[in-house]
Amino acid sequence: MVTLLHFWKNAGRPFVRRCVTAHRGGGFLHALSCFKERWSTKCHYFVHIGNCIVLLAINQKDMLQLRSLSVTASLFGIAYNLLQPSPLWAPAAWGGFFISCHLYYIAQLLRDRVGITLDADHEAAYEMAFMGHGFTPRQFLKLFEAAHGRIEEARCGTFICRKGEPKKWVHYLLDGKVMLIDGSEDKVVNIVPGKGSWLGEFFDPAEPEDHWATPHFHQVSFKCIAPRCRLLTLEIDSLHRAIREAGLAEAATRAEISDLWGKLRGSHHEHRRNTYSAMLELAVADGKVDAKEVELLNKWKARHRVPEEDHEVKLAELGWTAEEFASGQRDPTRRGPRPLPKYRPCCSPTA
């Protein structure tokens, strides 16, 4: 820093004064001529400084800083080429072209970083489904508009999509609970907001561009089992086309991988709960439960951390109370299913 200040004091500042004076007296071209006369013998400074700036630029993680430093380095490169005894116009012209490209993308980056306002629904959808995977708010809004997006609500018992129906829309669960049902009308897994909340495939990077030119159909059904389900709904064909056109395939792939991992974790836990439900149903089938069966069920429930509320809900569906199960004998005077606990889903898997 001391060296630079010394250089500016002894060479730079006097030179600028002389060039400004020359510009006032002889015009801009004369000032340029003065600049070249002064620095033509020291043009190597420009190439060294420019390359140092390039080295600094390639170590930047922020794209805006990288491109800004690249513009500065290109300016030093142009100065070096034009200060030669015979100016190198072709490299200087290429430098100007590179600068124009950088300036274009700098403008794009600045536009994307300008703050935009999202309403509550859009903000929730962006934060839950897009923000963590590299989408900016502006990119999210572009995809939302291109895919004819909307926020929908479904009541308990409503099928969001059924097996065999054409795939036209993809949904993201913002609030509530949705049951995934296979072709045999058996519950596979319950889906809640968070990782794994896309109802269907969000994006497949390996699919051909004309994939949606032919009809595709749902292989499973999705059904709302909460009092209210709120959903982000996007037209799948338009969504995939907009993702590719905007160069967002990498971010969309990250979102899809995260969703698949979420579904995998959820299905693993759900499999254990379904297994316990089947064991419980088998144990009470004859109207009584012996001590050995209770012991085995309790061990399984504790080992796999099956919630007590799931145990009580399943008992109620089978027509038992927790007290009857503890005693090992169902009350024969009471017939029919028992009242279900208040936390039971509001509709059955196949209602």
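This report describes the fold, the nonpolar cores, the surface and the confidence of a predicted model.

## Overall fold

The chain is built from twelve helices and eight strands. It has 351 residues, of which 35% count as buried. Among contacts with a separation of 6 or more, 71% are between residues 24 or more positions apart.

The chain exposes about 21,000 Å². Carbon and sulfur atoms supply 59% of that area.

## Nonpolar cores

In soluble globular proteins, nonpolar side chains tend to be buried together. In this model, the largest nonpolar core has 27 residues. Phe130, Trp198, Phe202, Leu232 and Leu234 have the most contacts inside it. Two or more residues come from each of these elements: α6 (120–129), α7 (137–146), β3 (169–175), β8 (228–235), α8 (236–245) and α9 (249–283). The element that gives the most is α8, with four residues. Another core, of 14 residues, lies apart from this one and includes Ile160, Ile191, Phe222 and Ala226.

What is leucine 232 in contact with, leaving aside its neighbours within four places in sequence? The list is Ala125, Phe130, Phe144, Arg150, Ile151, Val170, His171, Tyr172, Leu174 and Trp198. Two of the names, Phe130 and Trp198, are also among the residues with the most contacts inside the largest core.

## A nonpolar patch on the surface

Some nonpolar residues are found on the surface. Val54, Leu55 and Ile58 form a patch there, with about 290 Å² of accessible area together.

Isoleucine 58 sits in the loop between α3 (44–57) and α4 (63–82). Its relative accessibility is 59%, so isoleucine 58 counts as exposed, the cut-off for this class being over 50%.

## Histidine 148

Most residues other than glycine have a negative phi. Histidine 148 is not a glycine, yet has a positive phi of about 55 degrees. This residue is found in the loop between α7 and β1 (150–155).

Is histidine 148 buried, partly exposed or exposed? Its relative accessibility is 47%, so histidine 148 counts as partly exposed; that class lies between the limits of 20% and 50%.

## Confidence in the model

The mean pLDDT of the chain is 80, and 80% of the residues reach 70 or more.

Note on methods. Residues numbered from 1 in each chain as written. Heavy atoms only, no water. Patch = residues over 30% accessible without salt bridge, like charges linked within 9 Å, V, L, I, M, F, W, Y side chains within 5 Å. Areas by Shrake-Rupley, 256 points an atom, 1.4 Å probe, with all protein chains shown as cover. Salt bridge = Lys/Arg side-chain N within 4 Å of Asp/Glu carboxyl O. Buried < 20%, exposed > 50% of the residue type's maximum accessible area, 1.4 Å probe, protein only. Core = buried A, V, L, I, M, F, W, Y, C linked by side-chain atoms within 4.5 Å. Contact = heavy atoms within 4.5 Å. pLDDT = per-residue confidence, 0-100.
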